[in-house]
Amino acid sequence: MPKLAAKTCLITGAARGIGLAIATRFIEEGAEVILTDLDEVAGANAARELGARFIQLDVSQESDWRRLAEQVPALDVLVNNAGITGLESGTTPQDPEHATLEAWHAVHRVNLDGTFFGCRYAIGAMKAKGTGSIINLSSRSALVGIPGAAAYASSKAAIRNHSKTVALYCAQQGWAIRCNSIHPGAILTPMWEAMLGDGPGREARLAALTAQTPLKRFGTPAEVAAVALLLASDEAAYMTGAELNLDGGLLAGSAVSPGE
Ligand SMILES: NC(=O)c1ccc[n+]([C@@H]2O[C@H](COP(=O)([O-])OP(=O)(O)OC[C@H]3O[C@@H](n4cnc5c(N)ncnc54)[C@H](O)[C@@H]3O)[C@@H](O)[C@H]2O)c1
């Protein structure tokens, strides 16, 4: 029996990476999936390959969410996945000493405002039925400081907290609308490609980036999708306000363990 039969699921930032893997897995489990992304060309191509619907959506724009609410008034599952690090251009400082206010706001607009808008839209689209699942992609960075990505870490920490507020609010209203957050460590997606590059140094850079991870490797988008599937399905009906770490054991201890 497919786990998401007859469920309408919408995923933001679904043109590639983790969002695309979640869309693929949800479709395999019988869901009607709507892919959305800022990137219209890549998003439409991905949706065509999956035989799914695509809607262009910039998560940081309230007007886009209003338009979406008219196009998709009812929903069972929303995955707030779209996110940026602020390091994409490779030139914008993101440390707490040199980051500009504009750079700080730009990351929060996508990651945090986008998740706020998404949760607000999802509540409206789920409350008539009184059931649903909102899944927010936070990060390991929500739980630890990141010297070179201050706004990213701050925005992900706020997403973690907002997920719990949404969970409690929905429960208070008497709705079985659940809201949970996923906290991945390093997952190998296009987000990392600029940093890794091609050629002979790639393997060494991959190893260096995961040297502190107990499982000594990157996670895969499919492994994140498996956790999203659990949260989306009715099997997780008693889970709300929870945070799931998915980080190869990174947060389980510290680099310097007592006794070593
Ligand atoms: N890859 C990792 O190691 C990792 C770790 C922890 C958390 N995450 C989180 O998982 C999510 C997905 O990450 P990924 O690695 O797949 O990233 P990615 O960069 O590979 O893909 C992100 C997608 O989001 C889209 N996007 C960017 N800005 C958008 C906007 N304003 N509106 C709509 N779409 C937008 C992009 O076009 C892209 O398709 C992000 O929230 C990220 O912070 C990733």
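This is a predicted model: local features need pLDDT of at least 70, side-chain atom pairs count only at pLDDT 80 or more; totals for chains, interfaces and linings use all residues.
**Stop 1**

Select Met191 next, where a polar backbone atom is 3.5 Å from an oxygen atom of the ligand. Then select Trp192, which places a polar side-chain atom 2.8 Å from an oxygen atom of the ligand. Taken on its own, the ligand has 840 Å² of accessible area, and the protein covers 94% of that.

**Stop 2: Asn136**

Move to strand β5, residues 131-137, and select Asn136 within it. Is Asn136 buried or exposed? Its relative accessible area is 0%, so Asn136 is buried.

Next, display the neighbours of Asn136. Leaving out residues up to four places away in sequence, Asn136 touches Asn80, Thr115, Cys119, Ile159, Ser163, Cys179, Asn180, Ser181 and Ile182.

**Stop 3: salt bridges**

Side chains of opposite charge can pair when their charged atoms come close. How many salt bridges are there? The count comes to twelve.

Begin with Arg67 and Asp64, whose side chains meet in a salt bridge at 3.7 Å, N to O. Both residues lie in helix α3 (residues 62-71), three residues apart, which is about one turn of the helix. Arg67 has a relative accessible area of 34% and is therefore partly exposed, whereas Asp64, at 13%, is buried.

Now select Lys129 and Asp76, a salt bridge in which the closest N and O atoms are 2.6 Å apart. Which parts of the chain does the pair tie together? Lys129 is in the loop between α4 (101-126) and β5, and Asp76 is in the loop between α3 and β4 (77-80), so the bridge links parts that are 53 residues apart in sequence. Lys129 counts as exposed at 58% relative accessibility, while Asp76 counts as buried at 9%.

Select Glu102 and Arg109 next; their side chains form a salt bridge of 3.0 Å, N to O. Glu102 is partly exposed at 48% relative accessibility, and Arg109 is partly exposed at 33%.

**Stop 4: Ile187**

Go to the loop between β6 (176-184) and α6 (193-196) and select Ile187. Its relative accessibility is 5%, so Ile187 counts as buried.

Draw a C-alpha to C-alpha distance from Ile187 to Thr220: the two are 5.4 Å apart in space and 33 residues apart in sequence. Then show what Ile187 touches, again leaving out residues up to four places away in sequence: Ile18, Trp192, Phe218, Gly219, Thr220, Pro221, Val224 and Leu246.

**Stop 5**

Most residues other than glycine have a negative phi. Select Ala6, in the segment before β1 (8-11). Ala6 is not a glycine, yet it has a positive phi of about 65 degrees. With a relative accessibility of 76%, Ala6 counts as exposed.

End at Lys216, in the loop between α7 (202-209) and α8 (221-232). Lys216, also not a glycine, has a positive phi of about 55 degrees. Is Lys216 buried or exposed? Its relative accessibility is 54%, and the cut-off for exposed is over 50%, so Lys216 counts as exposed.

Definitions and conventions:
Residues are numbered from 1 along each chain as its sequence is written. Side-chain values use heavy atoms; hydrogens and water are left out. A polar contact is a pair of N or O atoms within 3.5 Å; within protein, one must be able to donate a hydrogen and the other to accept it, and residues adjacent in sequence count only if both atoms are side-chain atoms. Accessible areas come from the Shrake-Rupley method with a 1.4 Å probe; for residues, only the protein chains shown count as cover. Helices (H or I, at least four residues) and strands (E, at least two) are DSSP runs, numbered from the N terminus. Buried means under 20% relative accessible area, exposed over 50%, partly exposed in between (1.4 Å probe, protein chains only). Contact means heavy atoms within 4.5 Å. A salt bridge is a side-chain nitrogen of Lys or Arg within 4 Å of a carboxyl oxygen of Asp or Glu.
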